[in-house]
Amino acid sequence: PTSSPEYIKIRHAHRQFTTPEGCSINALDDISLSIAQSEFITLLGPSGCGKTTLLKIVAGFESLDSGDILLDGQSIIHQPAHKRPVNTVFQSYALFPHMTVGDNVGYGLDIARVNKTERNKRVAEALDMVGLAGIEKRLPSQLSGGQQQRVALARAIINRPKLLLLDEPLSALDKNLRLKMQLELKNLQTELGICFIFVTHDQEEALTMSDRIVVLNGGKIEQVGTPDAIYHTPQTQFVANFIGESNLFEGTVINKTENGIDVNCNGLVIHSQDTSHEVGDDVELLLRPEHLSLTPITDQESPQAQLTMKLTQTVFIGSDYQLHGVLKNGIALSALTRKTNQPLIKGNEISLYYQISALHTIPPENKYNKG
Ligand code: ATP
């Protein structure tokens with residue numbers, strides 16, 4: 001099938017709630033977004049940012065105050081939930097406890113009066129797709145949490161929806177199982193070739209699974225992009241802080257040449273290759289901890305720079321060390337580095353090296369420009 005890049009179009013979606021105390025909350029504040037037909041897209045953001053509200057509106061469990069949602073060119077906002085080609089998987093698997101796995105999975109087909117032979121064939125197929133072939137006769141109570149979530153998935157895909165919504169479906173699982181299920185879900189999505197809209201507040205989960213991530217904050221879109229773009233080139237301070245660990249330096253551009261800019265960060269001048277800012281501009285520089293190294297980076301073509309940090313704390317985290325300290329100008333800095341022979345003694349000054357190309361510039365209060 002051809003994959004339309006605008007299979008789902010959310011247009012200027014607004015939704016306001018009034019709290020019991022009488023305050024108005026913009027749960028969704030002018031959300032516009034296009035999603036492709038076979039895309040794995042993740043809505044990511046802190047609690048209360050509007051993720052679940054957006055998902056419920058797409059599913060038909062909640063309505064819009066204004067705006068529209070188009071699926072394959074047709075507005076769906078006046079269709080009742082059960083008529084939309086959309087299914088939802090929730091955090092709580094909500095299986096019927098007194099019904100067997102087979103009956104739970106086949107439920108949607110029984111409602112649609114699909115004949116028994118076809119129904120049983122498709123139940124077996126759906127269970128096979130989620131790695132649970134042959135367990136039709138069991139009861140949900142005889143399954144582990146991960147298996148129950150797979151059954152819920154099988155039930156959600158059996159009537160071949162065009163769109164699957166997943167609301168924190170892995171958050172009840174322990175870490176190892178969650179990591180395993182993340183990969184399984186991504187594989188399942190690729191195999192089915194349908195669009196998954198996945199909700200999470202877990203940034204690592206979003207980075208692992210998604211084709212694109214939508215970062216929401218206070219009912220607005222902060223940024224939409226591939227995991228790589230969201231991680232390496234955040235457009236706002238919020239995104240830089242929300243995704244991964246970050247060192248952010250505020251400063252003012254004091255010099256500009258064709259090779260880049262010099263930014264005065266509280267007395268420390270840092271050079272950036274970004275030429276999109278002018279002398280006098282306030283900018284924010286992002287340097288990820290893993291881009292700092294205890295040894296000079298010799299095998300790279302890009303020029304490197306050095307920072308001197310007074311070490312305040314060293315944390316061993318298995319493969320790497322987290323180093324925390326302060327720069328001469330009083331700014332805190334964290335680094336994630338491999339151990340070297342260099343002694344790491346609290347209070348000592350250490351040199352940290354980074355490639356200048358690893359620095360990313362964020363204009364302060366930049367609002368992501370929605371298309
Ligand atoms: P979480 O990760 O905690 O589930 P979320 O990002 O999914 O959060 P939503 O559930 O979409 O956030 O809620 C967005 C905002 O709208 C929150 O401030 C929430 O309190 C508010 N809200 C949601 N539903 C209602 C409702 N029915 N009545 C009043 N306020 C609501």
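I start with a term: two strands pair if DSSP finds at least two bridges between them. Helices (H or I, at least four residues) and strands (E, at least two) are DSSP runs, numbered from the N terminus.

**Entry 1. Ground rules.** The model is predicted, with local features needing pLDDT of at least 70 and side-chain atom pairs counting only at pLDDT 80 or more, while totals for chains, interfaces and linings use all residues. I number residues from 1 along each chain as its sequence is written.

**Entry 2. Strand S8.** Strand S7 (residues 163-167) pairs with S8 in the parallel sense over five bridges. Strand S3 (residues 40-44) also pairs with S8 in the parallel sense, over five bridges. Val-199 of S8 is the bridge partner of Leu-43, and Asp-167 stands opposite Val-199 as well.

Next I checked burial: a residue is buried if 20 or more other C-beta atoms lie within 10 Å of its own, exposed if 12 or fewer, and partly exposed in between, with C-beta atoms placed from the backbone.

**Entry 3. The core.** A nonpolar core is a set of buried Ala, Val, Leu, Ile, Met, Phe, Trp, Tyr and Cys residues joined through C-beta atoms within 7 Å. The largest one here has 88 residues, and Ala-154, Leu-164, Ile-197 and Val-214 touch the most other members. Helix H4 (residues 145-157) gives the most to this core, six residues. Domain 1 (8-241) and domain 2 (245-362) each supply at least three residues to this core.

I then followed Ile-197, taking two residues as in contact if their C-beta atoms, placed from the backbone, lie within 7 Å. Leaving aside neighbours within four places in sequence, Ile-197 is in contact with Ile-41, Leu-43, Leu-55, Val-58, Leu-163 and Leu-165.

**Entry 4. Helix H1.** Leu-55 and Val-58 are also among the buried residues of H1, together with Lys-51, Thr-53, Leu-54 and Ile-57. Just after H1, Gly-60 takes a positive phi of about 100 degrees.

Entry 5. The ligand is surrounded by 13 residues, the closest being Phe-17, Ala-27, Ser-47, Thr-52 and Thr-53. Strand S2 (24-35) and helix H1 (51-59) are the elements that give two or more residues to this shell. H1 gives the most, with three. By class the shell has four nonpolar, eight polar and one charged residue. Here Ala, Val, Leu, Ile, Met, Phe, Trp, Tyr, Cys and Pro count as nonpolar, Asp, Glu, Lys and Arg as charged, and the others, Gly among them, as polar.

Entry 6. Strand S1 (residues 8-18) pairs with S2 over nine bridges in the antiparallel sense, and Lys-9 stands opposite Ser-34 in S2.

**Entry 7. Two domains.** Domain bounds come from an automatic or database domain assignment. The C-alpha centres of domain 1 and domain 2 lie 39 Å apart. Their contact takes eight residues from domain 1 and six residues from domain 2. Helix H8 (residues 237-242) provides the largest share of the domain 1 side, three residues.

How values were computed
A residue is near a molecule or strand if its C-beta atom, placed from the backbone, lies within 6 Å of it.
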